[in-house]
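The following note sets out points for a colleague to check against the structure. Please read each point with the model open.

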Amino acid sequence: YFLAAVCKKPPKWALAVTVMQLSQMAVGIAVTVSHLTTLMYGRVPNCDGHIPNLTGALSMYASYFILFAQFLFGRYCKKREDKPMRKFE
């Protein structure tokens with residue numbers, strides 16, 4: 001993330017890392033939502049979990065997902081307007 005953010009041209013592998021991080025956050029969201037629904041609807045007897053911790057985890061994964069998605073869009077999808085170079089006279 002640091003190299004992609006500070007370098008004018010990101011390393012070749014930077015896009016793959018960002019996509020993997022987005023995937024990690026999506027899986028985290030899915031696992032947390034699955035655990036929450038299991039707890040709330042009592043599908044598994046004696047399932048252990050603390051709802052405030054799970055809502056905190058869901059908030060964390062969702063906020064990271066949004067941040068990485070914004071970074072991905074801004075860095076790799078949005079066209080940049082390069083300022084024209086001044087000609088020396």
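This is a predicted model: local features need pLDDT of at least 70, side-chain atom pairs count only at pLDDT 80 or more; totals for chains, interfaces and linings use all residues.

1. Thr18 is in contact with Phe68, Phe71, Leu72 and Tyr76, neighbours within four places in sequence being left aside; contact means heavy atoms within 4.5 Å. Thr18 lies in helix H2. Helices (DSSP runs of H or I, at least four residues) and strands (E, at least two) are numbered from the N terminus. With a relative accessibility of 4%, Thr18 counts as buried. Here buried denotes under 20% relative accessible area, exposed over 50%, and partly exposed the range in between, with a 1.4 Å probe and protein chains only.

2. Residues are numbered from 1 along each chain as its sequence is written, and side-chain values use heavy atoms, with hydrogens and water left out.

3. The protein has three helices and zero strands, in the order α-α-α from the N terminus. Of its 89 residues, 16% count as buried. Among contacts between residues at least 6 apart in sequence, 64% join residues at least 24 apart.

4. How do the axes of H2 and H3 lie? Helix H2 (residues 14-41) packs against helix H3 (residues 51-77) at an angle of about 155°, and their axes are 9 Å apart. Axes are lines fitted to C-alpha atoms, for helices over the stretch in contact, and angles between N-to-C directions run from 0 to 180 degrees. The two helices are therefore roughly antiparallel, a term for angles over 145 degrees. By class, the contact of H2 with H3 has 24 nonpolar, five polar and no charged residues. Nonpolar covers Ala, Val, Leu, Ile, Met, Phe, Trp, Tyr, Cys and Pro; charged covers Asp, Glu, Lys and Arg; the others, Gly among them, are polar.

5. The buried residues of H2 include Ala14, Leu22, Met25 and Gly28, as well as Thr32, Leu36 and Thr38. After H2 comes Gly42, whose phi is positive, near 60°.

6. Leu3 is placed in helix H1 (residues 2-6). This residue is partly exposed, with a relative accessible area of 39%. Leu3 touches Pro11 and Trp13, residues up to four places away in sequence not being counted. The C-alpha atoms of Leu3 and Ala14, eleven residues apart along the chain, are separated by 8.1 Å.

Notes:
Angles under 35 degrees count as roughly parallel, over 145 as roughly antiparallel, 65 to 115 as roughly perpendicular and the rest as oblique.
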